Amino acid sequence: MANIVVVYHSGYGHTQRLAQVVAQGAAAQLLAIDADGNLPAGGWEQLAAADAIVLGAPTYMGGPSWQFKRFADASSKAWFAQAWRDKLFAGFTNSAGVQGDKQVTLDYLYHLAMQHGGLWVGLGMLPSNTKAAQRNDANWMGAYSGAMAQSPSDASVAEMLPGDLETARQFGARVAQAAARWTR
């Protein structure tokens, strides 16, 4: 079985919940970036040993949180050594707005992975885009490059949309399938 790590920052708990569901779908380990933008002890080693790294960040002000950016900047040591070259990468994000410039955050995560010489795994799901589609359907936002979720600013983690959580679960399963094929 592939070794998959979901590394994420969450400011209000919604991105953490997505990380948990992605990790469940992928049978992955969780690695939280703390409020100061740091990994816990052993975190860098955990990422070095991973076959696949799933990146998760909330979208704030049109991009990932500063805590995630601090982690990304600190990954320059792994970049210089090409320690993550040829690993699989994927990404997910959450914002309060339905659009909320989430694609900008996914693009940031993608470009970080490309800088590291990684290979990107997209969502691989058709969008729920018929007249009958509802916000509780999987991939109701029509994402392709990674998983997107929307949590109104006054909604608790318990109120996250079932469709967003199902999208995250299926996305995790896709990453696991890709990692199993890649590591054979």
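Visitor: What separates Arg-169 and Glu-166 in helix H6?

Guide: Arg-169 and Glu-166 are 3 residues apart in H6, which means a separation of about one helical turn. The model is a predicted one.

Visitor: What makes the meeting of the side chains of Arg-169 and Glu-166 a salt bridge?

Guide: The distance between the side chains of Arg-169 and Glu-166 is 2.6 Å, N to O. The cut-off is 4 Å between a side-chain nitrogen of Lys or Arg and a carboxyl oxygen of Asp or Glu, so the pair counts as a salt bridge. The structure holds 1 salt bridge. Side chains of opposite charge can pair when their charged atoms come close.

Visitor: Are Arg-169 and Glu-166 buried or exposed, or do they fall in between?

Guide: Arg-169 has a relative accessible area of 37%, and Glu-166 has 26% relative accessibility. Buried requires under 20% and exposed over 50%, so both residues are partly exposed.

Visitor: How do you know that the span of helix H6 agrees with its number of residues?

Guide: H6 covers residues 162–182, and its 21 residues should span 30 Å at 1.5 Å a residue. The end C-alpha atoms of H6 are 30 Å apart, so the two values agree.

Visitor: Which residues of H6 are buried, and what covers them?

Guide: The buried residues of H6 include Leu-165, Ala-168, Phe-171 and Val-175. Their cover includes E1, H1, strand E3 (52–60), E5 and E7.

Visitor: How far does H1 reach from its first C-alpha to its last?

Guide: H1 has 13 residues and reaches 18 Å, close to the 18 Å expected at 1.5 Å a residue. Its buried residues, among them Thr-15, Leu-18 and Val-22, pack against E1, strand E2 (29–32), E3, E5, E7 and H6. Just after H1, Ala-27 takes a positive phi of about 50 degrees.

Visitor: Why are Leu-18 and Gln-20 put in their accessibility classes?

Guide: Leu-18 has 3% relative accessibility, which is under 20%, and therefore counts as buried. Gln-20 has 28%, between the limits of 20% and 50%, and therefore counts as partly exposed. Leu-18 and Gln-20 both lie in helix H1.

Visitor: Which residues is Leu-18 in contact with, leaving aside its neighbours within four places in sequence?

Guide: Among them are Phe-92, Thr-93, Ala-149, Met-160 and Leu-165. The C-alpha atoms of Leu-18 and Phe-92 are separated by 8.0 Å, although the residues are 74 apart along the chain.

Visitor: In what sense do strand E5 and E7 pair?

Guide: E5 (residues 88–95) and E7 pair in the parallel sense over 4 bridges. Thr-93 stands opposite Met-148 in E7. Met-148 and Gln-150 point one way from E7, Ala-147 and Ala-149 the other way, and all are buried.

Visitor: Which residues touch the most other members of the largest nonpolar core?

Guide: Ile-4 and Phe-92 do so, in a core of 54 residues. Elements that each supply at least two residues of this core include helix H3 (66–74), helix H5 (102–115) and H6.

Visitor: Why is His-9 called buried, and what makes its approach to Ser-65 a polar contact?

Guide: His-9 has 3% relative accessibility, under the 20% limit, so it counts as buried. Its side chain lies 2.9 Å from that of Ser-65, within the 3.5 Å cut-off, and the two therefore make a polar contact. His-9 is in the loop between strand E1 (4–8) and helix H1 (14–26).

Terms used:
Residues are numbered from 1 along each chain as its sequence is written. This is a predicted model: local features need pLDDT of at least 70, side-chain atom pairs count only at pLDDT 80 or more; totals for chains, interfaces and linings use all residues. Side-chain values use heavy atoms; hydrogens and water are left out. Buried means under 20% relative accessible area, exposed over 50%, partly exposed in between (1.4 Å probe, protein chains only). A polar contact is a pair of N or O atoms within 3.5 Å; within protein, one must be able to donate a hydrogen and the other to accept it, and residues adjacent in sequence count only if both atoms are side-chain atoms. Contact means heavy atoms within 4.5 Å. Two strands pair if DSSP finds at least two bridges between them. The expected span of a helix is 1.5 Å times one less than its number of residues. A nonpolar core is a set of buried Ala, Val, Leu, Ile, Met, Phe, Trp, Tyr and Cys residues joined through side-chain atoms within 4.5 Å.
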